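Subject: Structure handover

Hello,

Please find the structure below, followed by notes on what was found in it.

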Amino acid sequence: MRDRQPATRVMMMPRDTNPAGTIFGGVILSYLDQAGAEGAYRGGAHRVVTAAMKEVVFHEPVFVGDLVSFYAEVVRKGRTSITIRVAVEASRRWDRNEIAKVTEAEITYVNVNPEGHPVPLPGGTDRRLEGS
Ligand SMILES: CC(C)(COP(=O)(O)OP(=O)(O)OC[C@H]1O[C@@H](n2cnc3c(N)ncnc32)[C@H](O)[C@@H]1OP(=O)(O)O)[C@@H](O)C(=O)NCCC(=O)NCCS
């Protein structure tokens, strides 16, 4: 079950827009990475780097003034890597009760030592946790 406490939540500002006037995908990617890292820390990692962002899907646009929540869920723990699914929901500016599932992604982080070398995760299991 996904932790309903968001890993991060942010209100989108005019500076975050693309030339079309909606929120720039790169801004969402940055928050996705932050939220996934928070999910990795909640999952037991101590110091992580991002190894891979798998399929990122932008389902719906995000608008200035939307309150955007990034929910993180551990889907796999390997020996040194941890994979987090991040689901993004926008509470719309014009009606906070209107919630849109705007984006999702799966991101793999590697637990590293201060020199940047992979080190084992506490409780690493090397199995997919999804659906368990
Ligand atoms: C991520 C990084 C530490 C992996 O180093 P490496 O020497 O290739 O590590 P290894 O081959 O021993 O793999 C370590 C773990 O990472 C996983 N991994 C490595 N590359 C991966 C990839 N592209 N996708 C998913 N997992 C990957 C391995 O499966 C392994 O997981 P496991 O221990 O749970 O089985 C290294 O590539 C790196 O520092 N990359 C840059 C990270 C960075 O700066 N990110 C910020 C973006 S600029």
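A polar side-chain atom of T80 lies 2.7 Å from an oxygen atom of the ligand; a polar contact here is a pair of N or O atoms within 3.5 Å, and within protein one atom must be able to donate a hydrogen and the other to accept it, with residues adjacent in sequence counting only if both atoms are side-chain atoms. This is a predicted model, in which local features need pLDDT of at least 70 and side-chain atom pairs count only at pLDDT 80 or more, while totals for chains, interfaces and linings use all residues. Residues are numbered from 1 along each chain as its sequence is written, and side-chain values use heavy atoms, with hydrogens and water left out.

With R79 it is a polar backbone atom that lies 2.8 Å from a ligand oxygen. The ligand taken alone exposes 950 Å², and the protein buries 41% of that (areas by the Shrake-Rupley method with a 1.4 Å probe; for residues, only the protein chains shown count as cover).

The residues around the ligand (a heavy atom within 4 Å of it) are V49, T50, A51, A52, G78, R79, T80, S81, T108, V110 and P118. By class, five are nonpolar, five polar and one charged; Ala, Val, Leu, Ile, Met, Phe, Trp, Tyr, Cys and Pro count as nonpolar, Asp, Glu, Lys and Arg as charged, and the others, Gly among them, as polar. Strands β2 (48–53) and β6 (99–111) each supply at least two residues of this shell, and β2 gives the largest share, four residues. Helices (H or I, at least four residues) and strands (E, at least two) are DSSP runs, numbered from the N terminus.

Salt bridges

The whole structure has seven salt bridges, each a side-chain nitrogen of Lys or Arg within 4 Å of a carboxyl oxygen of Asp or Glu.

- R15 and D16 meet at 3.7 Å, N to O. R15 is exposed at 68% relative accessibility, whereas D16 is buried at 7%. Buried means under 20% relative accessible area, exposed over 50%, and partly exposed in between (1.4 Å probe, protein chains only).
- E38 and R42 pair with their closest N and O atoms 2.9 Å apart. Both are in helix α1, four residues apart, about one turn of the helix. E38 is partly exposed at 29%, and so is R42 at 40%.
- R85 and E73 have their closest N and O atoms 3.8 Å apart. R85 lies in strand β5 and E73 in strand β4 (residues 67–77), so the pair ties together parts that are twelve residues apart in sequence. E73 is partly exposed, at 22% relative accessibility.
- E60, D66 and R92 are linked in a network of salt bridges.

Surface and interior

L29, M53 and F58 make a nonpolar surface patch of about 240 Å². Patches are made of residues with over 30% relative accessible area and no salt bridge; like charges are joined within 9 Å, and nonpolar side chains (Val, Leu, Ile, Met, Phe, Trp, Tyr) within 5 Å. L29 lies in helix α1 (residues 25–42) and is partly exposed, with a relative accessible area of 31%.

V88, in strand β5 (residues 81–91), is buried, at 0% relative accessibility. The C-alpha atoms of V88 and Y109 are separated by 18 Å, the two residues being 21 apart along the chain.

Regards
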